[in-house]
Amino acid sequence: MSTYSVGQVAAIAKVTVRTLHHYDEIGLLSPSGRTPAGYRRYEDADLDRLQQILFYRELGFSLEEIASILDDDSVSPTEHLRRQHQLITSRIAQLQEMAAAVEQAMEARRMGIQLTPEEKFEVFGADYQESWETEAEQRWGHTEAWKQSQQRTGQYSKADWQRIQTETESLNSRLAEVFRSGAAADSAEAMEAAEAHRRHISGNFYDCTYEIHRGIAGMYVADPRFTATYEKLAVGLAQWLHDAMVANADAHQA
């Protein structure tokens, strides 16, 4: 029969000698034998029990709970294995949930929007599509504006996004109101509304220069999705807003 010193057991199980001494002192794991000089000698059965102890410790059980479990004579070795399998399966499920949550948090941080999918739809509306985030990064991820936006929005809470959405809706209502009034796109009133649009971007996302704002204006008429957003508010608004933004940029860059 093989026997092992306390040092050998510590090396095999990757625990400290002090831990084994403690387990012996509290009666959780006492060696099966001693040398004539009084040194501990462990047998294979002791190592099996140590394996059980370490398993339950890994799952968060206290030493008192482990002692109660292992010293229950009504539980067979097979039942112990079945119980361990159930515990492992449950732990795996918990870890998978944790991993999914961490991945979601990482993705939200990367995209700069710290919201759950449900919150995104709640804040941004039923038309919101998560694929837009990926597309945006592919198109502008290399720009300083994108990096600045990520730094800012990465700190935003759900309340911040709700505030921004409320401001956006108010701004869109103002744009539509000025457009419906019949104001020309290069009028002072229209350019003031366009300037409010630029300041809204600068205040919440990144420093929107007039040159950048001019580029955004181009997307409003070049990309059907942007066009549709404003056409829902008022037919003809997308082109009018484009023209007002360009006129405003021209006026400030002259």
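Residues are numbered from 1 along each chain as its sequence is written, and side-chain values use heavy atoms, with hydrogens and water left out. In this predicted model, local features need pLDDT of at least 70 and side-chain atom pairs count only at pLDDT 80 or more, while totals for chains, interfaces and linings use all residues.

The structure holds 10 salt bridges. A salt bridge is a side-chain nitrogen of Lys or Arg within 4 Å of a carboxyl oxygen of Asp or Glu. One of them joins R34 and D24, with the closest N and O atoms 3.2 Å apart. R34 lies in strand 2 (residues 33-34) and D24 in helix 2 (residues 17-25), so the pair ties together parts that are 10 residues apart in sequence. Helices (H or I, at least four residues) and strands (E, at least two) are DSSP runs, numbered from the N terminus. R34 is partly exposed at 48% relative accessibility, whereas D24 is buried at 12%. Buried means under 20% relative accessible area, exposed over 50%, and partly exposed in between (1.4 Å probe, protein chains only). D24, R34 and R40 are linked in a network of salt bridges.

R49 is found in helix 3 (residues 44-58). R49 is partly exposed, at 21%. Its side chain meets that of D71 in a salt bridge of 3.0 Å, N to O. This pair links distant parts of the chain: D71 sits in the loop between helix 4 (63-70) and helix 5, 22 residues from R49. D71 is also partly exposed, at 44%. Beyond residues up to four places away in sequence, R49 touches L28, L29, L70 and D71 (contact means heavy atoms within 4.5 Å).

E195 is placed in helix 10 (residues 188-204). E195 is buried, with a relative accessible area of 10%. E195 forms a salt bridge with R199, the closest N and O atoms being 3.8 Å apart. The two are 4 residues apart in helix 10, so about one helical turn separates them. R199 is partly exposed, at 48%.
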